[in-house]
Structure formats: C-alpha cells, structure tokens
Amino acid sequence: MKLAIIERDGIVGQPVTGQLTGHHDWHVLPDAASGIARLNLSGWHVVLVANQPGLERGLYDCAALNDYHRQMYKDLAMVGAKVDAVFFCPHAPEDHCECWAPQATLLRQITERFNTEAGKVAVVARSTELLQAAASLGACLHWIAPAEAAAAHPQCPSAQAAQHATLAQCTEALLHWQPPRSPSQLAAA
C-alpha cells in the first residue's frame with residue numbers, strides 16, 4: 001500500500017487564524033486538490049494530520065470541526081480527490097501530549113490503522129516538528145516550503161527530507177517514488 005500522510009494546514013488548506021466556526025473557514029490551497037487526486041489515481045491512500053488545540057481550549061467544538069471537514073471532503077471530491085482519514089491532536093501545547101509532533105504517536109496510530117510499515121510511508125509536512133516525528137519512525141520525508149518560507153529558512157529542517165515549493169511538486173516526486181521492499185517481499189523475489 002502506498003500511503004501519504006500530509007499536514008492539512010498550510011499544504012492542503014489555508015490555515016485558520018482565530019476561531020474555527022465551520023465550513024466557511026475551509027479554503028483549499030491552489031493545486032492541492034488536484035495533487036491529491038493524482039496520487040489517488042496512482043493508487044495512493046492519503047491521510048491528513050492536523051493540530052487542533054482550540055478544541056481543548058474551548059475555542060470551538062467538534063461540531064464546528066466536523067462541519068469544516070465536511071466542506072473539505074466535498075471540495076476535494078469535486079476534482080476527484082479522496083482523503084481516507086483525518087487524524088488530529090486536540091491538545092494544547094502546554095499539555096505536552098504525545099499525540100502531536102515532535103512526538104510520533106499520531107503518526108504511529110496511522111501506520112497501525114492502515115497496516116503499513118513506517119518506512120513505506122511518505123510524510124509531507126511544512127512544520128519542522130512533524131518532520132522530526134516522521135524521521136523518528138523512519139518514514140520518507142517531504143518538506144513543503146513555499147518561496148517565502150524558503151527565503152526565511154533556506155535550509156531544509158531535515159537532511160533526510162526532499163524539499164518542494166508546493167504539493168503539486170511533491171506529488172511529482174511521490175509518483176516516481178518506490179517504497180522500500182519488506183524482507184518478505186525480497187525473499188519472494
């Protein structure tokens with residue numbers, strides 16, 4: 001199984017500043033939906049990850065977040081893009097939870113749910129912390145750094161990560177990536 005775990009905010013959707021109220025807050029970024037659709041057409045499963053500390057802080061509730069995601073799924077489906085799941089951490093940073101980066105618990109839960117070895121997973125992130133979490137699992141790393149971010153931080157936060165300006169560029173790389181073969185696949189060859 002080809003599995004891409006993509007950071008939702010800033011790669012697929014415009015980050016929400018302030019309080020999330022629902023479907024009106026969802027805005028897909030250019031080329032994100034078509035990039036996911038191209039991955040799907042090539043047999044990739046796509047899972048989005050996000051940090052939602054506003055849930056615990058009481059800034060919004062699960063109904064608003066579900067409404068937001070319903071709009072996201074609807075907009076993506078309009079161009080043939082499918083997201084298999086959205087995993088999120090509801091905790092505030094001061095809770096020091098193990099869900100969100102740089103801890104790898106959320107990523108580990110995804111690989112277990114999809115019964116996939118971490119080394120066969122591509123993680124597409126814009127945050128250094130998520131790249132760190134993915135690196136600790138041995139995933140294939142892709143860093144999305146738009147021109148303004150690359151100018152501010154010209155060095156990729158991980159020597160192991162491929163750097164791309166957009167999800168569309170990353171999609172091209174993923175379409176040519178061959179996940180490593182497991183020992184049982186090598187023995188059968």
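**Close-up views of a predicted model**

**View 1. Strand β1 and its two neighbours in the sheet.** Four bridges join β1 to strand β4 (residues 121–125), and the two strands run parallel. Helices (H or I, at least four residues) and strands (E, at least two) are DSSP runs numbered from the N terminus, and two strands pair if DSSP finds at least two bridges between them. In β4, V124 is the bridge partner of I6, while V121 of β4 stands opposite L3. Strand β1 (residues 2–7) is also joined by six bridges to strand β2 (residues 44–51), again in a parallel run, and here the partner of K2 is W44. Five of the six residues of β1 are buried, so that the strand is mostly covered; buried means under 20% relative accessible area, exposed over 50%, and partly exposed in between (1.4 Å probe, protein chains only). This is a predicted model, in which local features need pLDDT of at least 70 and side-chain atom pairs count only at pLDDT 80 or more, whereas totals for chains, interfaces and linings use all residues. Residues are numbered from 1 along each chain as its sequence is written, and side-chain values use heavy atoms, with hydrogens and water left out.

View 2. Six strands form an open sheet in the order β3-β2-β1-β4-β5-β6, with parallel pairing. Strands β3 and β6 (162–164) stand at the edges with a single partner strand each, so one side of each has no neighbour in the sheet. From one strand to the next the twist averages 20°, where axes are lines fitted to C-alpha atoms, for helices over the stretch in contact, and angles run from 0 to 180 degrees between N-to-C directions. A right-handed β-α-β unit is made by β1, helix α1 (residues 32–41) and β2; right-handed means that, with the strands pointing away from the viewer, the path from the first strand over the helix to the second runs clockwise.

**View 3. Helices α5 and α7 against the sheet.** Helix α5 lies across β1, β2, β4 and β5, running at about 170° to β5. Helix α7 packs on the sheet and touches β1, β2, β4, β5 and β6, with a direction that makes about 160° with that of β5; contact means heavy atoms within 4.5 Å. In α5 (residues 128–137) the buried residues are L130, L131, A133 and A134. These residues cover an arc of only 160° around the axis, which puts them on the same side of α5, the arc being that of the directions from the helix axis to the C-beta atoms. Just after α5, G138 takes a positive phi of about 85°.

**View 4. Salt bridges between side chains.** The count comes to five salt bridges, each being a side-chain nitrogen of Lys or Arg within 4 Å of a carboxyl oxygen of Asp or Glu. One of them joins R38 and E172 (2.3 Å, N to O), and this pair links distant parts of the chain, since R38 is in helix α1 and E172 in helix α7 (residues 167–175), 134 residues apart. Another joins D9 and R8 (2.7 Å, N to O); D9 is buried at a relative accessible area of 16%, and R8 is buried at 2%.
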